[in-house]
Amino acid sequence: MFQMVDVFVVLVALFSGAPSPWAVVKGSHPHCKKLRENLGEIRPHSVTITEFGAVGDGVTLNTKAFQNAIFYLNSFSDKGGAKLFVPAGRWLTGSFHLISHLTLWLDEDAVILGSTNSDDWPVVDPLPSYGRGRELIGERHQSLIYGHNLTDVIITGHNGTVDGQGSIWWNWYHNKTLNYTRPHLVELMNSTAVVISNLTFLNSPFWTIHPVYCSHVSVQNLTILAPLNSPNTDGIDPDSSDNVCIEDCYISTGDDLISIKSGWDEYGISYGRPSRNILIRGITGKSQTSAGISIGSEMSGGVSEVHAENLQFFGSHTGIRIKTSPGRGGYVRNICVSNMTLDGVYIAIRFTSQYGEHPDEFYDPSALPIIEHITFKDVLGDNIKIAGLLEGLEGGSFQNICLSNIFLNVTSKSPWNCSSIHGYSYLVSPEICEPLKESISPEKYSDCYHLSDPKRFSSE
């Protein structure tokens, strides 16, 4: 599967003339580079999962083996850390906890399989910034690979695979027979110095990679796959997390490929931890129902300083989407999307201000989100149905939306639909909607986030 995907990505890159998303991108933020350097660190202690009785036949349940191996390695956490090696084989397991100063290493042809018995996925408290399970009131299932209050955690390998075997969970969802919110494939909470790289993740029951309340996270060189009709199988969802790098990934799932979040309505407002300083680059992928990158709809703690660049989305419903609603509160500000190529995308850019979906009846409908200083620049698109569906809020704040150097081949006779927003534009085709028609002049340049030299706009 990976080889086919890899070849396809290279062909897309060659056809578009864009750099391969698998190439190492130069100029990463310093914290991204520092985290990647940790991959070369040699742990002084190492064990193999088979030393703890694990059997890689795809049938034997190995939860105890993973738990015992990690319990043993915990004694080395203050002695330089340790490495748990998973060799080739199919290693069936339920949920297990990671520890600090640990490398979980999956060798080539190693596959960690999630159990199809829900009893092997423990039930845990809801996140405080959500107040309940995301799908159902009350608790939620713990992720397959889980950790909290950790530092210096690496999940990597020689393109090994983690397969959540999510189809049984999707069936329970469709049949409305879930007792608790479905589990993620990987969730790390309140952790720092996290690296997830060089692996394939398949068929997550719910969101695939979910760092929440984390700092200094690097996600790189991943392939994330789930059927295009699988429910809520987001790829990578940084949530109330900061200093996050997501680079050089291929993602094809049943929901948003990347979704930045920060809590839900009154619970997210109260918890008050934003997502900020997030770098996304070199992402290629497809989502027939959702977006290449979304922000929200759970954004009540705030989202800011997001830079996304060198993106290729094809055969998808939406390129970039900001989702929010009255009651969310919070803000989305200082966002820059650049160097994006779209092909066969229904809506290139979308703002949804009435997304709905509230945790309970106690949210405050007067808590309106602030959406400001959002820039899209250097975007090319072919076979696009709608250039932009940009729906702001009356009485809300959707302002300083700036579009520069946008060229889209659009099939709709009404390419832009804009309401309750304000901003500026420069070199946009097809012709931009009225609320964004004012030119990005040198006088208005400072109203736009992260544009190039203002002299570029002096001729308008």
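Modeller: A disulfide is a pair of cysteine sulfur atoms within 2.5 Å. This is a predicted model, in which local features need pLDDT of at least 70, side-chain atom pairs count only at pLDDT 80 or more, and totals for chains, interfaces and linings use all residues. Residues are numbered from 1 along each chain as its sequence is written, and side-chain values use heavy atoms, with hydrogens and water left out.

Biologist: How many disulfides does the count come to?
Modeller: The count comes to two disulfides. One joins Cys418 to Cys433, with the sulfurs 2.0 Å apart. The torsion about the S-S bond of Cys418 and Cys433 is about -80°, so this disulfide is left-handed.

Biologist: Which parts does the pair of Cys418 and Cys433 tie together?
Modeller: Cys418 lies in strand 28 (residues 416-419) and Cys433 in the segment after strand 29, so the pair ties together parts that are 15 residues apart in sequence. Strands here are DSSP runs (E, at least two residues), numbered from the N terminus.

Biologist: And the other disulfide: what forms it?
Modeller: Cys402 and Cys448 form a disulfide, their sulfur atoms being 2.0 Å apart. Cys402 belongs to strand 27 and Cys448 to the segment after strand 29 (423-429), so this pair ties together parts that are 46 residues apart in sequence.

Biologist: Are Cys402 and Cys448 buried or exposed?
Modeller: Both Cys402 and Cys448 are buried, where buried means under 20% relative accessible area, exposed over 50%, and partly exposed in between (1.4 Å probe, protein chains only).

Biologist: New topic: where does Phe407 lie?
Modeller: Phe407 lies in strand 27 (residues 397-410). Phe407 is partly exposed, with a relative accessible area of 36%.

Methods:
Helix = DSSP H or I, 4+ residues; strand = E, 2+ residues; numbered from the N terminus.
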